[in-house]
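Take the model below and follow its rings and sheets in turn.

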Amino acid sequence: MPERTIAQQVPLLLMFLLSVVSMAQAQVSYSIPEEMAKGSVVGNIAQDLGLDLKRLKSGKARIYTTDKAGYIELNKDRGLLIVKERIDREALCGQTTPCALHFQIILENPMEFYSVTAEVTDVNDNSPYFKKNEMKFKISESAVPGAKFVLERAMDSDVGTNGLQTYSLIPTDNFALKLQSQADGGKTVEMILQKPLDREKNEHITLILTAVDGGDPKLTGTAEIHITVLDVNDNSPVFTQAIYKATITEHAQKGTLATTVSASDADQGSNGRITYSITNSVDNILELFEINDADGELRVLGSIDYEESHHYEIHIQASDEGGLTDSSKIVVDVIDTNDNKPVINIMSKLSMISEDSKPGTVITMINIQDQDSEENGKVHCLIDDHIPFTLKSASSNFFSLVTEGSLDREQNPAYNITVVCADEGTPSLSSSMTLSLQISDVNDNAPVFEKSLYEAFVLENNSPGLSIFTVKAKDADWNQNARVSYMLEESSINGVSVTTYVSVNAESGVIHAVRSFDYEQIKHFTFRVKAQDGGSPPLSSNASVKVIIQDQNDNAPQILYPVQTGGSLVAEIVPRSADVGYLVTKVVAVDVDSGQNAWLSYKLQKSTDRALFEVGAQNGEIRILRPVIDKDAVKQKLTVVVEDNGQPPRSATVNVNVALADSFPEVLSEFNEVKHDREFNDNLTFYLILALAVVSFLFIVSVIAILSVKCYRWRRERIFYKSNGNLPVIPYYPPLYADVGGTDTLKHVYNYEVCRTTDSRRSDLKYGRPCSQSIISLDTTGTQTLKQRNLLCDDSDDQVRFK
């Protein structure tokens, strides 16, 4: 291709500057010349669409086109459409006019698209040329002036004014050119004989045929015409029709008959024998069709594709052997068959959408292409009816997949949406594609506990920090929205914060004991646990936990009776005449534990005489097992064990002293002899200490008393001396003074309690205790009777008292 000069480029620049930009219903059109340099500006798309440059960037603006080669690209920084690759109009559109590039500008967030058409105008960059550089004719010398000879047409890839415009022929001694316009816009070139030929003067004639286009400057192509002058053939073939029409189904098999042409020649013999041929030179007709040169049958040679061309124009020529010719044209219309499936092109799509998206949210934009025509090219698309999505037709062959209902990630976290597009041909052809869509989570579900009330059991005396129970809440949301944290709701138990009793692990929900529980202090308590997710804002729910303290055998039985006091000795008096089964006493014990830990049993561990007493295993009653005999000792010591039913069992022991005697002196003598030697040494030290304390106390009291008396007398004397000497003298009586007249009593009554023993050294006199009842009473007969059978011997004060 010849290099352009500056003069050639000026018109191109003018055409570019005068390109028309139009916007109608979100469509923009540009007109650009072909062969523009890479990087040349097509137009300011941002300005023409009224878009801000920030919108181009935030919307990730891009060009969507179905062309295999992208000739135009978008400069988002400047908002310009620029030439990406050199555009050759002839390679892009061939002879089709107008020639245009169709593409869309796609924006996201929100999704938008605009249709853009860039018409590519022709420049004169192709010279006319002939497929054959030489044309040969045999012309009879008898040819009369006006005889027509059809010449091969030149080809020019340019169109319009830049295409082939005219021809010239030199020399013009015998022939002249005649151009006839055709219905398709082309021109038939005929060579007209101007004056008869003379074979004797010139048997061979060579002419130069020049094809000229309409460009500026004009470009030309040449071919040589070689004429051989024949003798006497004065009739040309004549076709029966100027135009033949035929129809053929696309993809017809090779050899299929399309039509038959016919021509006649009035000559006889070899001069009347006609030969048919195809004269097309521009397109690929010779690759698709062939004509029988003898009978004029036009048959299919190659693959006929409706999508490449809907009809074909075949130029034919009938020639006799004398060189005379006639021309005609066959118009072949191709009948479309439904041989193309719809093609689904994704323009833009979202791979993830939030579950709270509103109905009508655009998910995917698709473009449907079907190269078939009419019903075969009409496409309908559909998706599954049981999903919350629908297809909406944005414009011809453009569909939008939008949400139709509410989305719930917890029910369907993802969708595989199959789009099926089918045409209306017979049989119908379809295509499908599957779109994967993930549903992103929003915090629309609160944590849910497995139960509204949990019961946990824990043994008392647990160690602090013990894991008591685990609560579990589930959140149907995902990721952070489903991350559950546990916490205690503020409350109090017996007036104390619940946090002093238990704690809960925020991550695992494990409830730990903060303190050691005592069943005897608290049997159970209830608190609430809150589960809160990590969403924003967070959602929460709560559940109640009841902790039941289980008893352990941590308390030994307690003896209530008989009471054991340090240094005192309790004795039960049993007459020797007691019958078998006589109730000596009853051991009473309790256990603060519960259940079987508090079930008590009694048994006799030791006894002075095991054959004499028995203990009730369930009630603790001590009874006489056999009659008392004289050999039985007066003092009987029993050891009773009280044991609970816990594991391991706990027990307590009590010593029961039993006196077998019919009189009190016998009992008293027996017990004093045992106690005297032991208690004397013990009490000696005690009395020494007590005497020292009493002396010290009396000394301090005496000093205080003397000082008080001195002070009191001194004050009274001062008052007396200052008083008038005529005042009567009031006698002074010391405190606690009582007259001796017998009319009054002492202001303080002293009570005396005398305890005597057979040993005068152990007798004692105590003050300040009322004698409200007698210990031992004598009846009128002088015999002694005991009011009670219990004898108490107190080691601390060396007294023996009867109760």
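Lys523 lies over the face of Tyr519, at 4.7 Å from the ring centre. A charge counts as over a ring if NZ of Lys or CZ of Arg is within 6 Å of the ring centre and within 35 degrees of the ring normal. Arg515 lies over the face of Tyr501 too, at 4.2 Å from the ring centre.

This is a predicted model: local features need pLDDT of at least 70, side-chain atom pairs count only at pLDDT 80 or more, and totals for chains, interfaces and linings use all residues. Residues are numbered from 1 along each chain as its sequence is written, and side-chain values use heavy atoms, leaving out hydrogens and water.

Next, rings against rings. The structure holds 16 aromatic pairs. Rings of Phe, Tyr and Trp (its six-membered ring) pair if their centres lie within 6.5 Å; planes under 30 degrees apart are stacked, over 60 edge-to-face, and the rest tilted. One of the pairs joins Phe389 and Tyr415, edge-to-face, at 5.1 Å centre to centre with 85 degrees between the planes. Phe389 lies in strand 29 (residues 389-395) and Tyr415 in strand 31 (residues 414-423), so the pair ties together parts 26 residues apart in sequence. Strands here are DSSP runs (E, at least two residues), numbered from the N terminus.

Elsewhere, Phe449, Tyr454, Phe469 and Tyr486 form one aromatic cluster.

Now the sheets. Strands of a sheet pair through backbone hydrogen bonds, either parallel or antiparallel. Two strands pair here if DSSP finds at least two bridges between them.

An open sheet of four strands runs in the order 9-15-14-11, with mixed pairing. Its edge strands are strand 9 (134-140) and strand 11 (164-170), each pairing on one side only. Strand 11 and strand 14 (residues 204-213) run antiparallel, joined by six bridges. Within strand 14, Leu209 is the bridge partner of Leu169.

Another open sheet has three strands in the order 18-22-21, with antiparallel pairing. Strand 18 (257-260) and strand 21 (289-291) are the edge strands. Strand 21 pairs with strand 22 (residues 297-300) in the antiparallel sense over three bridges. There, Phe289 has Val300 of strand 22 as its bridge partner.
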